Amino acid sequence: MSSPGQVNQGLLAALRVLREALKEEKLVLFLGEKISALPQPATLGDWWTSVQDESDVNPEKLKKLEEDYLQRLEDRPSLPHVALRTLGRFPLILTTNMDCLVERLVWAPQGIVGEALRIDQLNLLASAWPNLHHDVIVKCFGDSSLHARATVATKQRMEELCRSDGEEARFFEQLFNERSVLFLGCDPDQPLYSSALQRFAENSKTRHFVVVPARQRGVEERGSLSVLHVELDLPSLAQLLNPSAKPLLPPTDMTVPKTTKANTDVKQGGDNTPGCDVIQLLCLGTGKGTTAVLTGEPSSSMVVLHNSRPVLLVDVGLGVTQSLLHSVAPEKFPDAMFVTHNHSDHAGELPLVLGGTAQRRLLAGKPRVKLLCGPKVLEPLKIHRLSEMAYQMKPDDIADWLICDPEGDPIYLDDVKNFKLQAVESQHDIPCYGFLLYYKDELILGFSGDSGFNPELYDKIFSAPTVVVDGRTPSSQWHASFDEISAYSKSREKKPRAVYVTGYGTAAEYTTDDSAITRFERGLHYTLWSGENKCPELTSEGTN
Ligand SMILES: [Zn+2]
């Protein structure tokens, strides 16, 4: 063990292994009662005294416990859950907690819709394993929901699991042999955990980790289980393990600085503070080429929000519609779309989105959607991309096509002329355009579209306070590399406040920790501009 200030090499090495596992998004998370709705410091036994009536679990008590917790969020934000979102993505979570806080505070803000199972429903997971089609949380003791309803029997089941040789226990063994498990918020010496750890974690083919808050740091190896003693709270640990993540504000903290100065910050939730005028970017995806097809992660795309109202969708590649639907109802889809180019990961869902939107807007008596694109992209989209529906709907009947000529005047997105867009041509294997976006004549965003590193293009887009740029490894003529973007960014005298990289693929493919650039992250809101709204504008709903 080392005292504070000293470096413990064993601990450092273990944390590096953990960090790599987090990047791959294959780590299984096990959450204990220190990260739950129970008043802290809680023990596992407290769950039962809190929720049990004479002979069974009382779901009403369980619900109330959770409701009280959620009500108190305003005064005391749930930092552990915020930290879990910072820490990484966990497609499989096991927990002894009976509340639904993970679903509500970790999944929902990220647009994740998952499934809750009990221990005795593990066969559902086992039959699909290792292909999880959606995120799964295994509630070892159940919860108050209908699907994973807790009973006294589920408690016994969990205790029996550690001694049994049944199907569930064998699946647990397999799981622990194949995946690393990170235990957070549980005391490894508590009898139930210690028997589970001994049975499944200490004698497996894979290394597992349990994090124990301690004043003296160090690692204690128990077979294949590393007990990490760290003197950090969960938010600090999350920052340490995921340095590319910005500290996230808790979901209840919706305060926006009342300044007319442009401001870039990052949030999990959208903003709609009365009296404030806020423009944000919501990242819908960061996938490249085949990402959506091979992994299910959406292609790179983003939506511009004005006081939480979507005003511009940028690119509708494969997987983007689903991602958009997580935060925007179909009737709120923006009035304008910009399509950078005709690759499937940027325009693949255009026929479906345009077709659906056109019909909905027609029914609602709204004008056609504005489809913005560069001059050389117009024909590929209109004739080729939309040819599949040419006999049903003509391209000119389903959208107003606005050609954004880099040499011409900017195009206004809205009738009140708040937002205008100036296209810039990028360097790609087929014609492709990025843009500069202005709000009330102030430049707020520079976007490259898919592009190789091109100083002339970069000079234009880096004049904006916030830059979103295509980047990946390795560098090619058609896609800039992380190093090229970072080197250019560092070489500029006048630097943007933030340079976000998108189009890199999945989180695991963002392989740089260069601090000059930041990973654009699906589900996060990035504030482009905020100021006082002295003259509240009419929204499209309010104008007529
Ligand atoms: Zn492309």
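Is aspartate 450 buried or exposed? In this predicted model, aspartate 450 counts as buried, because its relative accessibility is 4% and the cut-off for buried is under 20%.

## Zinc site

Aspartate 450 is one of the residues that coordinate the zinc ion. The donor atoms are NE2 of His341, ND1 of His343, NE2 of His428 and OD of Asp450, at 2.1 to 2.4 Å. Along the sequence, the spacing of these donor residues reads H-x1-H-x84-H-x21-D. Histidine 428 and aspartate 450 link distant parts of the chain, 22 residues apart. Histidine 428 sits in the loop between β17 (419-425) and β18 (433-439), and aspartate 450 in the loop between β19 (442-447) and α17 (455-461).

The arrangement of the four donor atoms is irregular because the angles they subtend range from 89 to 169 degrees. A tetrahedral assignment would require all angles to lie between 85 and 135 degrees. Like aspartate 450, histidine 428 is buried, with a relative accessible area of 9%.

## Serine 36

Serine 36 is found in the loop between β1 (28-31) and α2 (44-51). With a relative accessibility of 3%, serine 36 counts as buried. Its contacts, not counting residues up to four places away in sequence, are Trp47, Tyr69, Asn97, Asp99 and Leu101.

## Serine 180

The loop between α8 (167-178) and β5 holds serine 180, which is buried at a relative accessible area of 15%. The side chain of serine 180 reaches the backbone oxygen of arginine 207 at 2.4 Å.

Neighbours within four places in sequence aside, serine 180 is in contact with Lys26, Leu27 and Val28, and with Thr206, Arg207, His208 and Phe209.

## Serine 299

Serine 299 lies in the loop between α11 (291-295) and β11 (301-306), and its relative accessibility of 0% makes it count as buried. A polar atom of the serine 299 side chain is 2.7 Å from the backbone oxygen of leucine 318.

Leucine 318 is also among the contacts of serine 299, leaving aside neighbours within four places in sequence.

## Helix α4

Helix α4 (residues 79-87) is mostly covered, with seven of its nine residues buried. The buried residues are His81, Val82, Ala83, Leu84, Arg85, Thr86 and Leu87. The elements that cover them include the helices α1 (9-24), α3 (59-71), α5 (101-107) and α10 (234-241), together with the strands β1 and β5 (181-184). Just after α4, glycine 88 adopts a positive phi of about 155 degrees.

## Largest pocket

The largest pocket contains about 880 Å³ of space. Its lining consists of 27 residues, and those nearest the centre are Arg89, Leu132, Asp135, Thr295 and Glu297. Helix α12 (residues 320-327) gives the most to this lining, with three residues.

Note on methods:
Residues numbered from 1 in each chain as written. Predicted model: local features only at pLDDT ≥ 70, side-chain atom pairs only at ≥ 80, totals over all residues. Heavy atoms only, no water. Donors = N, O, S within 2.8 Å, 3.2 Å for Na, K, Ca; no water. Tetrahedral: all angles 85-135°; square planar, octahedral: opposite > 155°, others 65-115°. Helix = DSSP H or I, 4+ residues; strand = E, 2+ residues; numbered from the N terminus. Buried < 20%, exposed > 50% of the residue type's maximum accessible area, 1.4 Å probe, protein only. Contact = heavy atoms within 4.5 Å. 1 Å grid on protein atoms, 1.4 Å probe; cavity = no way out; pocket = protein on both sides within 12 Å on 5 of 7 lines; lining within 4 Å. Points joined across faces, edges and corners; volume = space filled by probe spheres on them. Polar contact = N/O pair within 3.5 Å; in protein donor to acceptor, adjacent residues only side chain to side chain.
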